[in-house]
Amino acid sequence: MAGLMIDRVSKCFGEQQAVDSLSLDIEPGEFVALLGPSGCGKTTMLRMLAGFEALSEGEIRLGERTLASRELHVPPEQRNMAMVFQSYALWPHMSVADNVGYPLKLRRLEGDAYRRRVAQALSLVDLASHAGRSPQELSGGQRQRVALARCLVTDPDVVLLDEPLANLDRHLRAAMEQSFREFHRRTRATMIYVTHDQSEAMSLADRIAVMRGGRLEQWATPEALYRRPRSAWVASFIGQGSLLQVAAGRPGQRLDEHTLMHGLAAVASERVQPVLVRPEHVTVLPDASAQRGLRARVESVTFRGERHELHLRLASGESLVAYHHAALVEGESVELILHEGWCLEP
Amino acid sequence: MTPSLTAGSQQRWLLTLLTVTIVLLSLVPSLRLLLEALGDLAQGSEAPLWRVLQAESTWRALWRSLYTSGLGMLIALALGSLFAFVITLTDIRGKAWLVFCFMLPMMIPPQVTALSWLQLFGPASPLLKSIGMAPPLGSPQPLYSAEGIALLLGIQSAPLVFLALRTSLLSLPRELVEAARISGARQAQVWGHVILPVTRGGLIAGGAMAFISSLGNFGIPAMLGIPAGYYVLPTLIYQRMASFGTGVLAEMASLSLLIGVLALAGVALQQAWMKRSRFGLVGHSGRAHDFSLGRWRGAVTALLIAVLLAILIAPLAALVVSSLVPAVGVPLSWESATLNAYHEVIGRQGATWRAVRNSLWLAGGAALVLMLCSLPLAYRLQRLPQRWQSLALGAIELPYALPGVVLAVACILLFVRPIPLVNVALYGTLGLIFVAYLMRFLVVCLKPVAAGLAQLDPALEEAAQLAGAGPWRRLGGIVLPLVAPALFAGGLLVFLLAVNELTVSALLWSAGNETLGVLIFNLAEGGESVLAAAVSVLVVAMIAALMLCLSWLAPHLPKGVVPWQG
């Protein structure tokens, strides 16, 4: 197994800069998500990894081998990668088994070895009984699994996944997420997963590259992204939370309850440090007249099943999201304690 | 019920009535033909159908029809798929021009194609004479043969293969190709393993269309076959009608039935095959050109240009050269070049002007009338239940799918006696050709309009309905402006096809009522090939201008209306 190295890769389509000097160092066997809103360049990056697009600048290396640079372009068929497409891209004129076995045929594998490998791959995705069917007879989730089996049949160095769950309904997504996780655990293949759904990326990936406008916004584990986002944009893109201006701390610092509450009480001109406060770090005091906490007014309440989501307006005019066990009346005044906050880059 | 609703349903009835009438009109000629051919079966072995079936000439013509059309189809498949694959899938340059030039032969009338090829080869070729390469006098004209007919049929119908294959190549999702590439397939393997099997439906459809259109072609076998005594079914009918007149109508109806059945069997076979090889394709389509030709690009471009030179430029050049020489057999040089033929056809030949006027009137009138009925017809058809809609469309398509000779014979049968009740005699007048054109070209005008209507968001009209607009108001104020470009394109296509039409008018014309197609045919048959070439050059120039006009309109039209624009 070899690591994948993306070194200052750029891609221009005419005037438009789709990917701008992106660098990632991916460990062997790692599950990486490229996350970002549509048009952020994540699919272009994936297509450059596969070899469907040429690079404008930079270099892509797999272990010691250079796959692509400005001068060199290894065609997709020589990269030993596999890909799951958003539309699955199953060939309609071949049976399920033929679809899965096609990469083996191209590698001149025949006879018993061929049949064994195809059967193995199909049973890994629980589709051994569907081998003779045509892809059109399968459901969306089954097609997805055939595409997955086609990927793993040749032991590729890298598996690329292009928004593979985008065409499935919500229930199926959860089941497929589980099968991706298992697939990765069993094969230990390096996987690059493109998605615009942050919860999908958070639950699957070892590390996430958050992209915006062709640039890398942050490159970290899911937990680090949630707890220690670099910028306000990443903070707003991942998870819930509110942005407050505080007169304490510097970027990349955690504020405890005392410092945070003090910093919020300062005059407006001193409050210049943006701080992210997650809703689970906000407590609504039971007694609104205790004069201990921060005063706020309830603007709206949304019932979320296990809890109520409160949208609050602070005296300073800033808005804040909090969770509460009971519904509150809109317009009611409450007192809050903020337990911790994370200082962002301005 | 409120008054406005009553008015609305009245108008709906009116629309339905119109629809039913037009659909019936499309069916009537075929029914009349069927009646005539099968009517006298009671006479036993003396019935016209039996007499025709027992005649050796029938079977010989049938075999020749099948042979020339089959060979033509193979040539069309080779040419059409070469151009479709290269232009759609690779990064070759100048695609728009290549497509335009390749489509031109389809729009050039068959008799002009035949004439230009005759001018290109043979001992009397002005072009070969001018460059000193003409074969000796007395050597045979190579095109007066079955293979010559097949070659020209193939060139004429190659664009049909090209279009069908290009459509299915464009709907091939890019991912299917990419998935094969990343599985380890090289470009050539992707082509054989994925592209060809998935798009074979388009290939079959194109081949079948080429075969059916060759089967019904009249101009080419007439110009190349009749001088050699080589008769195919349409020319056999023409020759019999020309020699024996309306006396042999019943037998001709039987012969027409024969090719009609052949053509329809071809259509049915094609649809059955298509059903078997149709796949539900998902993914991003419309951009399938993933193949880089690399260092082969120059060679492939040269090959395509060479093919175009051979099938389009050389014959047209021969045509132009022929129209500039003072007389047949004189080589062209700076001294001998003359515009006399053009002066003759434009200035002096009364018949030329008459034919031009007739054709312009017929084509313009047919285009206008068909444009007027197409919109309400398509509008009403779209609101029919799926089953009725496809039945009605089938009926409307029938007069166009059947070979032109069949429709012509059916029209003679229908109108040889004055129309009952109104007592109008159409036979022997321009009106007969006009009615035949209306029947034949209705579907050409209707299809773009129906495509445009299908693309329209129903909410646009529903919003107008809620605002209080009745059916006619909506049709005029909302639907018409939105589908106007498609309607206009439909009319232009009808004009393009009708102004050069020969097959129908060859049987229906009478003295004083010649069309342009008939004029060229008669001039060429009468040995006036210089004059015929001059008229043909003018015709080709007009067609190219009209096609450019359509290309220029293309960005405003629904996809697929202008056949040569992707």
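## Exercises on a predicted model

**Exercise 1.** Which residues does B:Val494 contact, leaving aside its neighbours within four places in sequence?

*Solution.* Work in this predicted model. Set aside the neighbours of B:Val494 within four places in sequence. Look for C-beta atoms within 7 Å. The contacts are B:Ala366, B:Ala367, B:Leu370, B:Phe441, B:Val444 and B:Cys445.

The largest nonpolar core has 278 residues. B:Val494, B:Val409 and B:Ala498 touch the most other members. Helix H19 of chain B, residues 430-455, gives the most to this core: 16 residues.

**Exercise 2.** Into which domains is chain B divided, and what classes of residue make up the side of domain 1 of chain B that touches domain 2 of chain B?

*Solution.* Start with the bounds. Domain 1 of chain B covers 60-161 + 202-245 + 294-322, and domain 2 covers 347-566. Their C-alpha centres lie 25 Å apart. Now take the contact. Domain 1 of chain B brings 27 residues to it, and domain 2 of chain B brings 28. On the domain 1 side, H5(B) gives the most, with 6 residues. Finally, sort that side by class: 21 nonpolar, 6 polar and no charged residues.

**Exercise 3.** Where in chain B does UniProt place "domain: ABC transmembrane type-1", and how much of residues 356-548 is helix?

*Solution.* Read the record first. The unreviewed UniProt entry places this feature at residues 62-270 and 356-548 of chain B. Then check residues 356-548 of chain B: the span is 80% helix and 0% strand. Its end C-alpha atoms lie 21 Å apart.

Notes. Residues numbered from 1 in each chain as written. Chains lettered and ligands numbered in written order. Predicted model: local features only at pLDDT ≥ 70, side-chain atom pairs only at ≥ 80, totals over all residues. Core = buried A, V, L, I, M, F, W, Y, C linked by C-beta atoms within 7 Å. Buried ≥ 20, exposed ≤ 12 C-beta atoms within 10 Å, placed from the backbone. Helix = DSSP H or I, 4+ residues; strand = E, 2+ residues; numbered from the N terminus. Contact = placed C-beta atoms within 7 Å. UniProt positions renumbered as here; feature names shortened; annotations may be inferred. Domains from an automatic or database assignment. Nonpolar A, V, L, I, M, F, W, Y, C, P; charged D, E, K, R; others polar.
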